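I opened this notebook to record what I looked up in one structure. The entries follow the order in which I consulted it.

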Amino acid sequence: MKENYDLLEQQINQKKDDDYDVSQISIADLKKYIRNAQSGILVKDIQEAELNLNLANEEYNDVKKMVDNAKKKSITTIIKENALIFSAIIGSIIAFFTLYE
């Protein structure tokens with residue numbers, strides 16, 4: 001399950017780099033379930049470990065579906081997210097022409 005978590009995290013980062021909308025996808029619960037399962041194993045509470053492992057497996061399947069079905073961001077969304085950068089560039093160009101004159 002830990003390896004699946006690592007692969008899923010890499011997929012999310014790759015999708016984010018490829019401009020897919022993964023902002024609503026969170027793997028925090030999956031990580032919590034894995035850690036709880038690990039702690040259950042360490043204290044020899046097999047029922048707790050199995051429960052958390054089953055919960056982790058369900059969470060992994062849900063998040064995996066969300067990652068696989070993630071949609072590419074539209075141009076307008078990308079522009080909205082980078083509006084501050086665009087406005088700073090345009091402002092500096094206007095300031096440059098203003099100073100030039």
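**Entry 1: Salt bridges**

I found that D6 forms a salt bridge with K2, and the closest N and O atoms are 3.7 Å apart. I take a salt bridge to be a side-chain nitrogen of Lys or Arg within 4 Å of a carboxyl oxygen of Asp or Glu. I note that this is a predicted model, in which local features need pLDDT of at least 70 and side-chain atom pairs count only at pLDDT 80 or more, while totals for chains, interfaces and linings use all residues. Residues are numbered from 1 along each chain as its sequence is written, and side-chain values use heavy atoms, with hydrogens and water left out.

Why can such residues pair? Side chains of opposite charge can pair when their charged atoms come close. D6 and K2 are four residues apart in helix α1 (residues 2–17), so about one helical turn separates them. I use helices (H or I, at least four residues) and strands (E, at least two) as DSSP runs, numbered from the N terminus.

I then looked up the accessibility of both partners. D6 is partly exposed at 31% relative accessibility, and K2 is partly exposed at 43%. Here buried means under 20% relative accessible area, exposed means over 50%, and partly exposed lies in between (1.4 Å probe, protein chains only).

How many salt bridges does the count come to? I recorded two salt bridges by this rule. One of them joins the side chains of D68 and K64, with N to O at 3.4 Å. D68 and K64 are both in helix α3 (residues 46–68), where four residues, about one turn of the helix, lie between their positions. D68 is partly exposed, with 45% relative accessibility.

**Entry 2: The chain as a whole**

I counted five helices and zero strands in the chain. Its pattern along the sequence is α-α-α-α-α.

I next checked the overall dimensions. The chain has a radius of gyration of 22 Å, whereas a compact globule of 101 residues would have one near 13 Å. This radius is taken over C-alpha atoms, and the globule rule is 2.2 Å times the number of residues to the power 0.38. The C-alpha trace spans about 75 × 25 × 15 Å along its principal axes. Of the 101 residues, 20% count as buried.

**Entry 3: I27**

Is I27 buried or exposed? I found I27 to be buried, at 13% relative accessibility. I27 is placed in the loop between α1 and α2 (28–42). Leaving aside neighbours within four places in sequence, I27 is in contact (heavy atoms within 4.5 Å) with Y5, L8, E9, I12 and V63. I27 and Y5 are 22 residues apart in sequence, yet their C-alpha atoms are 8.2 Å apart in space.

**Entry 4: Positive phi angles**

Which phi does D19 have? D19 is not a glycine, but its phi is positive, about 65 degrees. D19 lies in the loop between α1 and α2 and is partly exposed, with a relative accessible area of 35%.

K44 is likewise not a glycine, and its phi is positive at about 60 degrees. The place of K44 is in the loop between α2 and α3. K44 counts as exposed, at 70% relative accessibility.
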